[in-house]
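Hi,

Here is the model I said I would pass on.

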Amino acid sequence: MYLKLFHAWKKVTQKISKRIKGVFLYIGDYKIIQFSLMYILGNQVIITWMRNVPYLKNIGLYLSVFILIFVLSFVIWWNFLKRKNREVRVGGLGEENKKGKIFVLLRSIIILTILIFVRNISWIASEREVLQKIPSFTEGSTAFEGYIRYEPEEKHTRQEWTIQLLGDISIGGEILSKNSSYILLRVPFFYDFRVGQVCKISGQLLPPENFEDFDYIHYLANQKIFFIMEDPTIVCESITEKREGIFISNFLIDLKDSLIEKIDLVLNEPQSSLLAGIIFGQKRLFSKEFDEATRIGGVSHIVAASGYNVTILSLLVNNIFKFLPRKFRLILSIIAIWAFAILSGLSPSIVRACLMSSISIVALLFGRSNSINILLPFTAFIFVLLSPTALSNVGFLLSMSSVLGLVYILPILMQKSEELNIRSKFVENYILPTLSCTLSTLPVSVFVFKTVTIWSVPVNALILPVLESTMLFGFLGVLIQSILPNLSLLFYSMVNTQLKYFEGIVLLIQKVPFGQYLLGNSTSKIVGFSLLFFEVMLIFYFFPIKNEQYNYYLNSS
Amino acid sequence: MNSTITILTVAKKILLDNILNILSFIFSLVFVVVLSKRTVNSPEIVFLDVGQGDAVLIQQDNYQILIDGGPDDSILYELAKYMPWFDKRIEKLVLTHPHDDHLNGLLLLLKKYEINEILYSNVEYPNLGYEYLVKNYKGILQDVKAGYSFTYRDIFFSVIYPFDEERSQEENLNNESVVTFLVINGYKILLMGDAEVEVEKKLLDYEILESIDILKVGHHCSRSSTSESFLSFTQPEIAICLCGKGNSFGHPHYETLEKFKNENVQYFITSEEGNVEFSF
């Protein structure tokens, strides 16, 4: 019995290790994957080190990084000379081939490290400078002029605005330069101002503080916010007279807001907020009860700009244009997705979600080919290059992991359902993609939200099928509301029924006394990492390999 | 024959693929054709559970009067349970006094509903929300005093406090509350806002009060409201306490509930009962 188990276990581990070796060989052949992955990992390690190591303070960040770059460059040069001498002696690489490979790897690491230092040095130095000056900036009250940079974030008792300074602030001889920090304003929830509106603000700057087990200081620092201001005095200029920010972005946000106002004038809560979230990716505040219910049901992502509503959109386009060839449908999906991004005001989180979804569509377009394996790490690299703290952004991690789920878990589930002879379109279109996204995002949600819910898959599978037409009829309803109000009411009534169904399912699940588990701080880390490990191992074991090129790597390993 | 089978197969496939959408479409049609005709024909009053704050909805047909908006966005969710979904207009909003637990939700409503008129008592009170309301909604604000009244079908609405001469003499803002007296289909309802015993005494002294059926108890059933003389004079059948679960003030106070028991008044507390609804 134990012997049999041992042999079975041995077979499994052999298969997994063979595939892992194959993956390494595969990555080894594609420099772009190597480069992207190494940059992402290196970036995380180096910025963590640069931001947190205190002894750098004494010699100065610029100086220490300069010394490091000098030392690293010297190592390369020295190795290069040594290798050249050896080549002259031996007359070629020959038996030195292995050492040569290590040298190439070492050289790549050093060049990457230098690149990462160069990319990050200036913003980390600026962050350090601001952090050092915090005590002098937060002593007394101050006044400054700035404009509202992003859309306000709603809270239950207030709203939060991110302010971009229009000029440097000087307090007690110290200067806070206008580009070194945004200011987070906490203002009463009923204030009504627009993105780009210029305001004169006065009050006391305060440093943010961590609460409970949430590192709020780092969370804000990743968004370049080092100061908050509670209930400041604000006097804003009219947007018709003066407005800052990007014209097209302001225009799109205004357009979106005017359309959302129309929804608010027809639908009640939570239906209006749900529809605004589904059609425009607008993050709205729900009542505490409904918010809790969406979390338990695992459907919070539907209304946040996580890429889920973009998935619904692509499903919708696919269904409307069923008569067209598959390739055309997928191209139309990409066009629809970017139209959605524009309508949503091109906010960073929506653009990210749309980019991720476009990638998964490209993956579907090209089937199981190499392109997705290259495109995914390369896109992640571009994100990290543009925003070095992207890996700390939950939205980025969720979007990325759900795409990974569609690329690497969905084929496994599809194959299993074929083996089990399950030939239902409903299962294929809704259950399996939902299940793969849920599984792939599970480690992230366990790690970040410290909760595990078993309801995510059934609730999503029940809701997703109706959301396609909710999106369609909701959009039609908004478009014709001013011209044909009665017809729009017909569309809205359908949307209202569907969203009542959404609300009903979510509230029903909330009443079930089991299925949702809260984890402690350390438990969530252990469970999150264990889940990630097991999922990766399962993918290695079960991923269906039909591509001949993959078999080549397996046989070579 | 073959083509018939193909058509049937395709039809079956379309039906099965879109079963949920088809069902919701049918429901929606029913909704539009039948249920949209649903208006609240007989008048009703709902004491809304909005946490620690006040919100009372009175409606008939598609005509709504809302007294106070509660402390936060709960009002948006509670109203949605009673108002027809396509009706986003509130004919009259009443702000009894500008404390946050009466005002905040009302400010949110102004963004999400069309409001015809806001009835309030013009008092001086340093509150950002109140200042915002007075500055930005001047056009629809109407300052009301005792004697103001109107009738809509079966609903008679009147303001019985504050008296004009008493304006802004009170140090306690609760005692500046707009007190309303309603008669709905013959049932008498007294809504006290946050008015305390001093106001009750004045109302008794001026002989304005009479026996009533329902009392919205003043100041969330705090001990500072509902004197014995007030209760024995008005003799309500039912008293309603609008309080939030686990509120820091300890409302409803034990002493007030004891008075109800002594006077044989049946009482409902929204933190325990949820929304309390009466149809007439």
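This is a predicted model: local features need pLDDT of at least 70, side-chain atom pairs count only at pLDDT 80 or more; totals for chains, interfaces and linings use all residues.

Residues are numbered from 1 along each chain as its sequence is written, chains are lettered from A and ligands numbered from 1 in the order in which they are written, and side-chain values use heavy atoms, leaving out hydrogens and water.

Taking a disulfide as a pair of cysteine sulfur atoms within 2.5 Å, the count over all chains is 2.

One links Cys199(A) and Cys236(A), S to S 1.9 Å. Its S-S torsion is about 95 degrees, so this disulfide is right-handed. Cys199(A) sits in strand E7 and Cys236(A) in strand E9, so the bond ties together parts 37 residues apart in sequence. (Strands are DSSP runs of at least two residues and helices, H or I, of at least four, numbered from the N terminus.) Cys199(A) is buried at 1% relative accessible area, while Cys236(A) is partly exposed at 21%. Buried means under 20%, exposed over 50%, partly exposed in between, with a 1.4 Å probe and protein chains only.

The other joins Cys221(B) to Cys241(B), with the sulfurs 1.9 Å apart. This link is left-handed, at -85 degrees about the S-S bond. Cys221(B) is buried at 0%, and Cys241(B) is buried at 0% too.

As for Cys243(B), its sulfur is 5.1 Å from the closest cysteine sulfur, in Cys241(B), which is too far for a bond. Cys437(A) counts as buried at 16% relative accessibility.

Cheers
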